Amino acid sequence: MPDTPDRAAATVRGAGAVLPAAPDLLRTALADARSPRVPRLSPYVPERPSPWIGPVAANAGEPGRGIDLDRVLRLSLAAPAGTPGRLRPVPSAGALHPVRAHLLLGPGCSLPSGRYAYDPRTHRAHRRGPAPDGAPPGALVVLTAAASRTVAHYGHRAWPLLLLDTGHAAAALALAGAATADVLVCLDADGALLSAAAGLPGAPDWQDVWPGTEPELPLAAVRLTAPGGSVGSASALRAWAALPRASAPAPRPGADTAPPRELAHARHLLHHIAGAPGRPGGTWHPVRRPGQVTDEVLAARRSAPPEDLNRPPGKEPLARILAAARSVRPEGPAWTLAVGGATPALYTAVPGGPGLGVRAVGDARPTLARWAAGQRWIGAAGAVLLAHGCPDDAPRATVRAGHLVAGYAAGAAQAHATALGLCSRPIGSWQQADLGAALGGPPGRDPIVHGLALGAPAPTATAPAATASALTPPTPAPAAPAAPSGEEERP
């Protein structure tokens, strides 16, 4: 439903007066997102044209010289040809794709130095302003989340999905760039610093500064430099942040399609979660792309339809995918594999070596299907990679890291799965999915944050039906209608 002026007036700043004080705000919101409460169904909201307009920049150099942004963005964030209504081919939250990219370019890139906004539908960079004097070399990409469309679809469950999808976008950028550039990823820089570097208003002030436009919440950054180049990424952010604010997006009346209170709540939460004033420059982690994850693999990634995911992969490729997810960030979530087939079980990595160790015997997939918004197809998936952790009372830094790293690692694991010839599909929404409590641990300490369904590419012998269950949820979530085959997740 289009917004009226009264609906559009419900800004982040105005909503702050009626929200609980942090940390109760975050604890309450996390419990609500994980509860069985079903969001109000709303009509599907189509993707709107990018609000960022300005001079379109053409490549200034030859491919292969400097940072080839045409190639990096085409392999990571560009909309695949012939897929109206979808942007990236590997969604983490129902193909809603709320993540936008702002390019901060210094010397050594295939585009002239300056600030740009990237339009994934047209695969064009729109210039928003100049670079600072002595601009740091290479490219800084600030990733922001535009919440309206996702909140309209998922309601109170939307804000964790926005974090997951930002992690997926960061992984896509990092893997695309790491073949020819040195890449650093930051998932914990202060949101206010990221906003200033990208030339954006802070979230609480956005609609006062740029009325009629949709606020964007900055959550992550990726830096690409020539091999062996400068890696002072925190100082690079500060150099860009010292510039005046860049050009504004075009007003889009009616862009806020979600209920105003829910939307303001989601924006307030993300702004709160992204705050890190103690270490504003964040921590930057290097990225190395394994040889088997080629450009062709990145171009081939797709979220498979559920009917293509019902064949269990072999133990060796599953062990490799689990190792790929675990290697991303040690402070991120823990990882477990739920595997079907003739001998269903839950597996974890073997300490100190390759392979899989049995955590529990039995078929966890029916319970996972119930926990994942009632998506019954998960009960027949060959395997499900699970990110778990982020306790119910986690502080904001843990909530941010738990979800961003889970999305990032699932994106990396999906690239590995594609390289191994497996089908895959991310699973973003989880309710009452307390993996730790189901396995005998204390409640509220080890819930599932994200999942990646995996299937072998070729038919195998039919496995006998399993009768045991590895998981027994303390309070089962009520079943919801299954998502139609090939459609996006519905609450």
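Rings of Phe, Tyr and Trp, the last taken by its six-membered ring, form a pair if their centres lie within 6.5 Å. By that rule, ring pairs link W52, W206 and W210 into a cluster. The model is predicted. The protein has 491 residues, and 58% of them count as buried. Its secondary structure comes to 15 helices and 13 strands.

**Whole protein**

- The accessible surface comes to about 18300 Å². Carbon and sulfur atoms make up 59% of that surface.
- Among contacts in the protein with a separation of 6 or more, 82% are between residues 24 or more positions apart.

**Helix α6**

- Helix α6 covers residues 158-177, 20 residues in total.
- At 1.5 Å a residue, α6 should span 28 Å. The C-alpha atoms at its ends are 29 Å apart, which agrees.
- This helix is mostly covered, with 20 of its 20 residues buried.

**The six-stranded sheet**

- An open sheet of 6 strands runs in the order β10-β9-β8-β11-β13-β12. The pairing is antiparallel.
- The edges are held by β10 (356-361) and β12 (423-427). Each has a single partner strand, so one side of each is left without a neighbour in the sheet.
- Neighbouring strands of this sheet are turned by 25° against each other on average, with direction ignored.
- Strands β8 (residues 334-339) and β11 (residues 383-388) run antiparallel and are joined by 6 bridges.
- Within that pairing, W335 stands opposite A387 in β11.

**Helices on the sheet**

- Helix α14 (residues 396-419) packs on the sheet and touches β8, β11, β12 and β13. The direction of α14 makes about 10° with that of β13.
- Helix α12 (residues 315-326) lies across β8, β9 (345-349), β10, β11 and β13 (448-455). It runs at about 160° to β8.

**A387 in the sheet**

- A387 sits in strand β11. With a relative accessible area of 0%, A387 is buried.
- What does A387 touch, leaving aside its neighbours within four places in sequence? A387 is in contact with P333, A334, W335, A406, P447, I448, V449 and H450.
- T336 and A387 are 51 residues apart in sequence. Their C-alpha atoms are 6.8 Å apart in space.

**The tryptophan cluster**

- The count of aromatic pairs comes to 2.
- W52 and W210 form an edge-to-face pair. Their rings are 6.1 Å apart centre to centre, with 75° between the planes.
- This pair links distant parts of the chain, 158 residues apart. W52 lies in the loop between α3 (24-33) and α4 (69-76). W210 lies in the loop between α8 (206-209) and β6 (217-225).
- W206 and W210 also form an edge-to-face pair. Here the distance is 5.2 Å centre to centre, and the planes stand at 90°.
- W210 counts as buried at 10% relative accessibility. W206 is buried too, with a relative accessible area of 0%.

- C390 has a positive phi of about 55° although it is not a glycine. Its place is in the loop between β11 and α14.
- C390 has a relative accessible area of 8%, so it is buried.
- Q432 also has a positive phi, about 50°, and is not a glycine. Q432 lies in the loop between β12 and α15 (435-438).
- The class follows because partly exposed runs between the cut-offs for buried, under 20%, and exposed, over 50%.

Conventions: Residues numbered from 1 in each chain as written. Predicted model: local features only at pLDDT ≥ 70, side-chain atom pairs only at ≥ 80, totals over all residues. Heavy atoms only, no water. Helix = DSSP H or I, 4+ residues; strand = E, 2+ residues; numbered from the N terminus. Buried < 20%, exposed > 50% of the residue type's maximum accessible area, 1.4 Å probe, protein only. Contact = heavy atoms within 4.5 Å. Areas by Shrake-Rupley, 256 points an atom, 1.4 Å probe, with all protein chains shown as cover. Expected span 1.5 Å × (residues − 1). Pairing = 2+ DSSP bridges. Axes fitted to C-alpha atoms, helices over the stretch in contact; angles between N-to-C directions. Phe/Tyr/Trp six-rings, centres within 6.5 Å; stacked < 30°, edge-to-face > 60°.
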